[in-house]
Amino acid sequence: MSLPLLGWCRHYDKPTLAQDLGAALIVTLMLIPQSLAYAMLAGLPPEAGLYASILPLVAYGLFGSSRTLSVGPVAVLSLMTAATLGQLQLEGVHYLNGALALALMSGGWLLLFGLLRLGFVAHFISHPVMSGFISASALLITLSQLGPLLGVRLEGHQLQALGSLVRQWDAITLATVVISVASLTLLLWSRYRLKGMLLRLGVDEGLAASLVRLTPALLVLVAMLLSWGLDLGALGVALVGEVPSGLPAWSWPQWSALPWQALIVPSLLLSLVGFVESVSVGQTLAAKRRQRISANQELIGLGVSNIAAGLSGGMPVTGGFARSVVNFDAGAQTPAAGIYTAVGIALAGLWLAPWLGVLPKAVLAATIVVAVLGLLDWRQFLHTWHYSRTDFVALGLTFLVTLAVNVELGLLAGIAASLLLHLYHSYKPHWAEVGLIAGTEHFRNRLRHQVELDQSLLCLRVDESLYFANAGQLEDIVATLVSLRPEVRHLVLQCSAVNRIDASALDSLQMINDRLQLAGIGFHLAEVKGPVMDRLRQSSFLDRLNGRVFLTMYQAWNGLTTQPEYVI
């Protein structure tokens, strides 16, 4: 386990300190309302969001490889936490214990994967599957906030919750609706209109962007002052309630009172989703500065961060897109900016906690709804539909199952569908009979190009690695072509697209070789890649091959067409 800070702290100077402190101030002001909102989304006390934004940031600053990633609670993980604990019907202190256990277990998974250098696991969740999952999660998050926005308590899942809303229509409070509408209007206006207006007034672009990002914090401040001055709680407006002041204390879940076995799979999915989201953001930001991040080190950094969250009364965390972009644009140069942000959140917990209790829940709900608007990516649906219908199947299945059943099954269904579809496509590999383009040394598909052919020579190209699922298909293809071409004396398998041949495929190649030999046909290989040839040399296949291995297809063409009666 390495410490990336040993690399960047050696060059830390005063200008870097100033930039990190400036970025930390902006991110702190942004992170306070976000932390409260995502804790509410997860069904946890508001202080859990603040605690999850202190020690985890310090832990990532020590072990993370990205210089600008900002770690903390995020909308999707908060939704998954609420869904998991809700399905287990945990309440009260057991609910909080469940959140701590999820953070610790997901941190354990991440740390284990990092130590085993399994950073490649992120690639097992395809982009269409992740897009479908996040879009469905954004809709679920929006639906879950209708209750706080209208001042009623929704019960049930999705459509049941909407039915509960209809039954409680008379319980909606006018004051809550007014606060929600005003908050949504202000947040949407600031998101889409404020920056342009400030630029037209001559405000510097960087300052304008910072003011836009600080609008949620300003909204929270104004809402607290109005709530205190107008006593909104007496008007029936639901408030955050008492928020204990102070720093997070040591915490440890009561495992004996938890169905921890039921948390194993959800914690694994939490860790995978958080890792994929974090690495995607980290790589994008690192590329802008020509830096790099290590996927394996990110696993360790996020793992330690989640363990820190679980040990300090927090909730599952990962690198958030919005706050990381803000951190980057504000000029953060090193992970120290995250550590300074943690100090700012800690000071807010000490000094501002008593004031946070008068904050209307509707304001936090509006903050959540506006924050997840960017997660709805309908253009990805259209793009995937036009480009790849099979990928759209995985995307659509993930979206529908997540929306109709639950987030865990939705993600699992998408992963399973994408893997099965991949197996299906590779099970039926694309193949082509190729011929020589006149006057060149290039061989192309006879159905797409004007090529020269020799009736005694069959040149076959398979555009797929050969493994257990498609090895039998290759046998069938060769048998069919040979039966239709009695004049063939040589068959050349062009391996330019073959990156791997497993043991099952090797047995199939040997079977093809034996059958062609019985039919008096030579079996040859061409354009075999170095790693594949290295593996073939470890077997007896080349010694038993009823033919030759050619470096290029052109050599095979010249060596076989000029000797039509060539005998091996």
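**Reading contacts, burial and helix geometry**

Colleague: Which residues does Asn445 touch, not counting residues up to four places away in sequence?

Modeller: Leaving out residues up to four places away in sequence, Asn445 touches His430, Ala432, Glu433, Val434 and Arg461. The model is a predicted one, and a contact here requires heavy atoms within 4.5 Å.

Colleague: In which element does Asn445 lie, and is Asn445 buried or exposed?

Modeller: Asn445 belongs to strand β4, residues 443-445. A residue is called buried when its relative accessible area is under 20%. Asn445 has 9% relative accessibility and therefore counts as buried. Its side chain also reaches the backbone nitrogen of Leu447, at 2.9 Å.

Colleague: How is Ser324 to be read: where is it found, and what is its relative accessible area?

Modeller: Ser324 sits in helix α15, which covers residues 321-329. The relative accessible area of Ser324 is 0%, so this residue is buried.

Colleague: Which residue's backbone nitrogen does the side chain of Ser324 reach?

Modeller: A polar contact is judged by a pair of N or O atoms within 3.5 Å. In this case the side chain of Ser324 reaches the backbone nitrogen of Ser70 at 2.9 Å. Ser324 and Ser70 are 254 residues apart along the chain, yet their C-alpha atoms are separated by 4.8 Å. Beyond residues up to four places away in sequence, Ser324 touches Thr68, Leu69, Ser70, Val281, Leu285 and Gly319.

Colleague: What share of the contacts with a separation of 6 or more in the protein chain comes from residues 24 or more positions apart?

Modeller: Such pairs account for 80% of those contacts. The chain has 568 residues, of which 52% count as buried, and it contains 26 helices and eight strands. Its C-alpha trace spans about 100 × 60 × 60 Å along the principal axes.

Colleague: How can the span of helix α14 be checked, and what does its end-to-end distance show?

Modeller: The expected span is 1.5 Å times one less than the number of residues. Helix α14 has 17 residues, 295-311, and should therefore span 24 Å; its end C-alpha atoms are 24 Å apart, which agrees. The helix is mostly covered, with 15 of its 17 residues buried. Gly313, which follows α14, has a positive phi, near 75°.

Colleague: What can be said of the surface and of the charges of the chain?

Modeller: The accessible surface comes to about 26300 Å², and 62% of it belongs to carbon and sulfur atoms. The chain has 33 positive and 32 negative charges, whose mean positions are 5 Å apart.

Methods: Residues numbered from 1 in each chain as written. Predicted model: local features only at pLDDT ≥ 70, side-chain atom pairs only at ≥ 80, totals over all residues. Heavy atoms only, no water. Helix = DSSP H or I, 4+ residues; strand = E, 2+ residues; numbered from the N terminus. Buried < 20%, exposed > 50% of the residue type's maximum accessible area, 1.4 Å probe, protein only. Polar contact = N/O pair within 3.5 Å; in protein donor to acceptor, adjacent residues only side chain to side chain. Areas by Shrake-Rupley, 256 points an atom, 1.4 Å probe, with all protein chains shown as cover. Lys, Arg positive; Asp, Glu negative; His and termini not counted. Charge placed at Lys NZ, Arg CZ, Asp CG, Glu CD.
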